[in-house]
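Here are my notes on the model, as numbered points. Please read them with the structure open.

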Amino acid sequence: GINAEYMGRAGLHTGSAFVGNIGSSFRLNYSAMGDTVNVASHLKSFNAHFETKLLCSSITRASAPSLFSRCLGEVTIAGRQAPVEVYQIFEQQKDGRCVELAKDYENALRLFAHGDFDPALNILSKYPDDGPCEELTNRILSAQTGELNPALPLTLRRKKPFGHSVNGDRSGLRRFELNDIK
């Protein structure tokens, strides 16, 4: 089962990955690489944005139907064409408050996607201390002012990339100079 005492954050995605010793005879590093690892790593990062501890993709959610979760919507992930549907796995499996929260959040998310902002805000106002509800409330307020298109998936941007961009900050490639590394 899931250990609710765990204080860190994790992102879970299901798929193939290249795992093992990578490098040369001079230096080996045990590592994991591939799209699956990339998605899981980004989901872990989205935890901080949503103020959650455990997020998974829809693929992982489908492979573990006994886990109680709520859909947080779609997010974009660097290096992928299609957005990824994200689920929060609850630490308390199916207690009454979590069931109501999950239903209400998913209903508010659906209303938001259809442009019904006021009813969505009304639902979310019942949960002022919930990170995903606060995040969705902020997205709705941004959509009301025209700053955000509710039809688009959530995209997080790096505040300040490390190093200098090679291709206008689109490729993910970075050129490092000696003064960048300390």
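1. First, a term: contact here means heavy atoms within 4.5 Å. Keep in mind that this is a predicted model.

2. Start with Glu 51. Where is Glu 51 placed? Glu 51 is in the loop between helix 1 (35-50) and strand 4 (54-57). Leaving aside residues up to four places away in sequence, Glu 51 touches Arg 9, Gly 131 and Glu 134. Take Gly 131 from that list. In sequence, Glu 51 and Gly 131 are 80 residues apart. In space, their C-alpha atoms are 4.9 Å apart. Helix 5 covers residues 131-144.

3. Next, the cysteines. How many disulfides does a search of the whole structure find? The search finds 0. Cys 56 is in no disulfide, and its nearest cysteine sulfur, that of Cys 71, is 9.7 Å away. A disulfide needs the two sulfur atoms within 2.5 Å. Is Cys 56 buried or exposed? Cys 56 counts as buried because its relative accessibility is 1%, and the cut-off for buried is under 20%. Cys 98 is also buried, at a relative accessible area of 6%.

4. Now helix 3 (residues 96-113) and helix 4 (residues 117-124). They pack at an angle of about 160°, and their axes are 8 Å apart. That angle makes helix 3 roughly antiparallel to helix 4, because angles over 145 degrees count that way. The crossing of helix 3 and helix 4 is left-handed. Helix 3 makes the contact with Asp 104, Tyr 105, Asn 107, Ala 108, Leu 111 and Phe 112. Helix 4 brings Phe 117, Pro 119, Ala 120, Ile 123 and Leu 124. By class, the contact of helix 3 with helix 4 has 9 nonpolar residues, 1 polar and 1 charged.

5. Helix 4 also packs with helix 5 (residues 131-144). What is the angle between helix 4 and helix 5? It is about 155°, with the axes 10 Å apart. Helix 4 and helix 5 are therefore roughly antiparallel to each other. Their crossing is left-handed. On the helix 4 side, the contact is made by Phe 117, Asp 118, Ala 120, Leu 121 and Leu 124. On the helix 5 side, the residues are Cys 133, Leu 136, Thr 137, Ile 140, Leu 141, Ala 143 and Gln 144. This contact divides into 9 nonpolar, 2 polar and 1 charged residues.

6. A last point on helix 4. Phe 117, Ala 120 and Leu 124 are among its residues in the contact with helix 3, and they are also among those in the contact with helix 5.

Definitions and conventions: Residues are numbered from 1 along each chain as its sequence is written. This is a predicted model: local features need pLDDT of at least 70, side-chain atom pairs count only at pLDDT 80 or more; totals for chains, interfaces and linings use all residues. Side-chain values use heavy atoms; hydrogens and water are left out. Buried means under 20% relative accessible area, exposed over 50%, partly exposed in between (1.4 Å probe, protein chains only). Axes are lines fitted to C-alpha atoms, for helices over the stretch in contact, and angles run from 0 to 180 degrees between N-to-C directions. Helices (H or I, at least four residues) and strands (E, at least two) are DSSP runs, numbered from the N terminus. Angles under 35 degrees count as roughly parallel, over 145 as roughly antiparallel, 65 to 115 as roughly perpendicular and the rest as oblique. A crossing is left-handed if the near helix is turned anticlockwise from the far one by less than a right angle, and right-handed if clockwise. Ala, Val, Leu, Ile, Met, Phe, Trp, Tyr, Cys and Pro count as nonpolar, Asp, Glu, Lys and Arg as charged, and the others, Gly among them, as polar.
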